[in-house]
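Colleague: Thanks for sitting down with me. Could you show me the model and take me through how its labels were reached?

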Amino acid sequence: MTVTPTDVAENLGRPAPDQNSPLYKQWDRWITAVLLVIKNRLGPTEQLDQDTLDYVVLETVSERAAVALRQGQTSTTVTVDDGTVTNRWENSTDTRGFDFDDRWWGWALLLPRTSQEGFSTRPTFAPDRRC
(Lines give C-alpha, C1' and ligand atoms only; values in the text may rest on other atoms or scores of the structure.)
Protein backbone atom coordinates (compact mmCIF):
# COMPACT_ATOMS: atom_id res chain seq x y z
CA MET A 1 0.00 0.00 0.00
CA THR A 2 1.18 3.49 -0.72
CA VAL A 3 -0.23 6.37 1.32
CA THR A 4 -2.50 8.77 -0.54
CA PRO A 5 -4.26 11.99 0.47
CA THR A 6 -7.46 9.94 0.60
CA ASP A 7 -5.88 7.79 3.34
CA VAL A 8 -4.94 10.95 5.24
CA ALA A 9 -8.54 12.20 5.04
CA GLU A 10 -9.86 8.86 6.29
CA ASN A 11 -7.36 8.90 9.14
CA LEU A 12 -8.62 12.36 10.13
CA GLY A 13 -12.27 11.29 9.82
CA ARG A 14 -12.89 13.80 7.04
CA PRO A 15 -14.31 13.40 3.57
CA ALA A 16 -11.61 12.86 0.97
CA PRO A 17 -10.74 16.04 -0.96
CA ASP A 18 -11.18 16.16 -4.73
CA GLN A 19 -8.03 15.11 -6.59
CA ASN A 20 -7.81 18.51 -8.27
CA SER A 21 -8.23 20.49 -5.05
CA PRO A 22 -5.35 22.42 -3.47
CA LEU A 23 -5.78 20.43 -0.23
CA TYR A 24 -5.30 17.10 -2.04
CA LYS A 25 -2.21 18.42 -3.82
CA GLN A 26 -0.79 19.82 -0.57
CA TRP A 27 -1.21 16.52 1.28
CA ASP A 28 0.33 14.68 -1.68
CA ARG A 29 3.38 16.97 -1.52
CA TRP A 30 3.63 16.35 2.23
CA ILE A 31 3.60 12.58 1.67
CA THR A 32 6.44 12.99 -0.83
CA ALA A 33 8.34 15.21 1.62
CA VAL A 34 8.03 12.71 4.48
CA LEU A 35 9.31 9.91 2.24
CA LEU A 36 12.24 12.12 1.25
CA VAL A 37 13.15 12.84 4.88
CA ILE A 38 13.03 9.12 5.69
CA LYS A 39 15.10 8.28 2.60
CA ASN A 40 17.74 10.89 3.51
CA ARG A 41 18.09 9.50 7.01
CA LEU A 42 17.78 5.75 6.44
CA GLY A 43 18.61 5.19 2.78
CA PRO A 44 16.42 3.60 0.11
CA THR A 45 12.88 3.12 1.40
CA GLU A 46 12.50 -0.10 -0.60
CA GLN A 47 14.62 -1.86 2.02
CA LEU A 48 12.30 -0.87 4.85
CA ASP A 49 9.23 -2.75 6.01
CA GLN A 50 6.53 -1.26 3.76
CA ASP A 51 3.64 -1.63 6.21
CA THR A 52 5.63 0.16 8.90
CA LEU A 53 6.74 2.83 6.44
CA ASP A 54 3.14 3.47 5.37
CA TYR A 55 2.05 3.73 9.00
CA VAL A 56 4.76 6.28 9.82
CA VAL A 57 4.04 8.34 6.71
CA LEU A 58 0.27 8.29 7.31
CA GLU A 59 0.53 9.28 10.98
CA THR A 60 3.12 12.00 10.33
CA VAL A 61 1.17 13.62 7.49
CA SER A 62 -2.12 13.27 9.39
CA GLU A 63 -0.64 15.04 12.39
CA ARG A 64 0.62 17.91 10.24
CA ALA A 65 -2.71 18.11 8.37
CA ALA A 66 -4.68 18.24 11.62
CA VAL A 67 -2.57 21.17 12.81
CA ALA A 68 -2.91 22.94 9.45
CA LEU A 69 -6.69 22.50 9.46
CA ARG A 70 -6.85 24.26 12.85
CA GLN A 71 -4.27 26.86 11.86
CA GLY A 72 -5.09 30.34 13.00
CA GLN A 73 -8.03 29.33 15.17
CA THR A 74 -7.76 31.23 18.42
CA SER A 75 -11.04 30.36 20.12
CA THR A 76 -14.40 28.69 19.69
CA THR A 77 -17.62 29.60 21.48
CA VAL A 78 -20.68 27.35 21.48
CA THR A 79 -23.96 28.34 23.12
CA VAL A 80 -26.71 25.75 23.30
CA ASP A 81 -29.83 27.82 23.97
CA ASP A 82 -30.75 30.11 21.07
CA GLY A 83 -27.87 28.44 19.12
CA THR A 84 -24.70 30.51 18.86
CA VAL A 85 -21.44 29.26 17.37
CA THR A 86 -18.42 31.54 17.14
CA ASN A 87 -15.04 30.67 15.70
CA ARG A 88 -12.26 33.22 15.94
CA TRP A 89 -9.43 33.04 13.45
CA GLU A 90 -6.24 35.01 13.08
CA ASN A 91 -3.84 34.84 10.20
CA SER A 92 -0.85 32.75 11.02
CA THR A 93 1.69 30.81 9.08
CA ASP A 94 2.56 27.26 9.93
CA THR A 95 6.33 27.23 9.66
CA ARG A 96 7.01 24.00 11.47
CA GLY A 97 8.21 20.96 9.63
CA PHE A 98 7.28 17.37 10.16
CA ASP A 99 7.62 15.93 13.64
CA PHE A 100 9.91 12.93 13.57
CA ASP A 101 10.42 12.50 17.25
CA ASP A 102 11.37 9.48 19.30
CA ARG A 103 8.07 7.82 18.48
CA TRP A 104 9.46 6.97 15.06
CA TRP A 105 13.25 6.88 15.43
CA GLY A 106 13.43 5.75 19.06
CA TRP A 107 11.04 2.88 18.63
CA ALA A 108 13.14 1.80 15.63
CA LEU A 109 9.96 1.41 13.63
CA LEU A 110 11.81 2.12 10.45
CA LEU A 111 15.15 0.56 11.27
CA PRO A 112 15.81 -3.01 10.20
CA ARG A 113 15.35 -5.60 12.88
CA THR A 114 18.56 -6.93 14.35
CA SER A 115 19.19 -9.88 16.53
CA GLN A 116 18.65 -8.97 20.13
CA GLU A 117 20.87 -11.23 22.10
CA GLY A 118 20.97 -10.84 25.82
CA PHE A 119 23.38 -11.90 28.46
CA SER A 120 23.51 -11.95 32.19
CA THR A 121 26.27 -11.56 34.69
CA ARG A 122 26.63 -13.12 38.06
CA PRO A 123 27.46 -10.55 40.71
CA THR A 124 30.41 -11.53 42.84
CA PHE A 125 32.05 -10.03 45.84
CA ALA A 126 35.59 -10.44 47.02
CA PRO A 127 36.22 -8.92 50.45
CA ASP A 128 39.24 -6.72 50.95
CA ARG A 129 42.16 -8.40 52.61
CA ARG A 130 43.15 -6.97 55.92
CA CYS A 131 46.79 -6.18 56.30
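Modeller: Gladly. Let's begin with Gly13, which comes after α1 and has a positive phi, near 75°. Please keep in mind that this is a predicted model.

Colleague: And α1 itself, which of its residues are buried?

Modeller: Helix α1 spans residues 5-12, and its buried residues are Pro5, Asp7, Val8 and Ala9.

Colleague: Why is Thr45 called buried?

Modeller: Its relative accessibility is 14%. Buried means under 20%, so at 14% Thr45 counts as buried.

Colleague: Where does Thr45 lie?

Modeller: In the loop between α2, residues 22-42, and α3, residues 50-70.

Colleague: Which residues is Thr45 in contact with, leaving aside neighbours within four places in sequence?

Modeller: Leu35, Ile38, Lys39, Gln50 and Leu53. A contact here needs heavy atoms within 4.5 Å.

Colleague: What pattern does the protein chain follow along the sequence?

Modeller: The order is α-α-α-β-β, and the secondary structure comes to 3 helices and 2 strands.

Colleague: How much of the protein chain counts as buried?

Modeller: The chain has 131 residues, and 26% of them count as buried. As for its surface, the protein chain exposes about 10100 Å², with 48% supplied by carbon and sulfur atoms.

Colleague: And what share of the contacts between residues at least 6 apart in sequence joins residues at least 24 apart?

Modeller: That share is 53% in the protein chain.

Technical notes
Residues are numbered from 1 along each chain as its sequence is written. This is a predicted model: local features need pLDDT of at least 70, side-chain atom pairs count only at pLDDT 80 or more; totals for chains, interfaces and linings use all residues. Side-chain values use heavy atoms; hydrogens and water are left out. Buried means under 20% relative accessible area, exposed over 50%, partly exposed in between (1.4 Å probe, protein chains only). Helices (H or I, at least four residues) and strands (E, at least two) are DSSP runs, numbered from the N terminus. Accessible areas come from the Shrake-Rupley method with a 1.4 Å probe; for residues, only the protein chains shown count as cover.
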